[in-house]
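Please look through the sequence and the 3D structure shown here before reading the report.

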Amino acid sequence: NGVGKSTNLAKVAYYLKHKGGLDVLICACDTFRAGAVEQLKTHSRCLDVPVFERGYGKDPSDIAKAAIAHAKNVGHDVVLVDTAGRMQDNEPLMRALAKLVAVNTPDLVLFVGEALVGNDAIDQVSKFNRALIDYSHDRRNPRGIDGMLLTKYDTVDDKVGAALSMVYVTGQPIVFVGTGQKYTHLRKMQVKEVVKTLMG
């Protein structure tokens, strides 16, 4: 919690809409945190991107499933699903996420973590990925994360070793890094930049 999942999801929506020319639907599946749906609605208005929501206390898997069906009917290209923040050691929350993944078979599952927590991020993403795999509904073909989005990347200066280790321990790429508060403050991870920083 507090790493900037919803804000960075909005940045991804902006990126896909303006750089990818895609029709995006945001799906509010954080049905636990007070204000989560309202936060997405605010982003939705600012971005002129619709939000699909069913309020609080509902099953996130069912909401995501309904949003995907709605997107297909209406003609949206992409559905971005915002889920509740969860600690990788919280079994019920991780099981709920594994269920959401199993029910909806998303094209991409991204772990969102803070760049500035350094080596703690390596432990977080390792445990999160392991828990997602362990609680996978399909034991023969378990599903882990497909990539990462690191928030607050502008605060780490030349400390990129943790980011490199996160890629190593998961075998998955850092897809985006958040570099500020504005919707435009999201970029793809630049490998040459990381190598230059490490060699410098």
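## Cysteines

Cysteine 46 counts as exposed because its relative accessibility is 53%, where exposed means over 50% relative accessible area, buried under 20% and partly exposed in between, with a 1.4 Å probe and protein chains only. Cysteine 27, by contrast, counts as buried, at 0% relative accessibility.

This is a predicted model, in which local features need pLDDT of at least 70 and side-chain atom pairs count only at pLDDT 80 or more, while totals for chains, interfaces and linings use all residues. Residues are numbered from 1 along each chain as its sequence is written, and side-chain values use heavy atoms, with hydrogens and water left out.

The structure holds zero disulfides, a disulfide being a pair of cysteine sulfur atoms within 2.5 Å. The cysteine sulfur closest to that of cysteine 27 belongs to cysteine 29 and lies 3.5 Å away, which is too far for a bond. For cysteine 46, which is in no disulfide, the nearest cysteine sulfur is that of cysteine 27, 19 Å away.

Leucine 150 touches Gly113, Ala115, Ala163, Met166, Ile174, Phe176, Val177 and Gly178, not counting residues up to four places away in sequence, with contact meaning heavy atoms within 4.5 Å.
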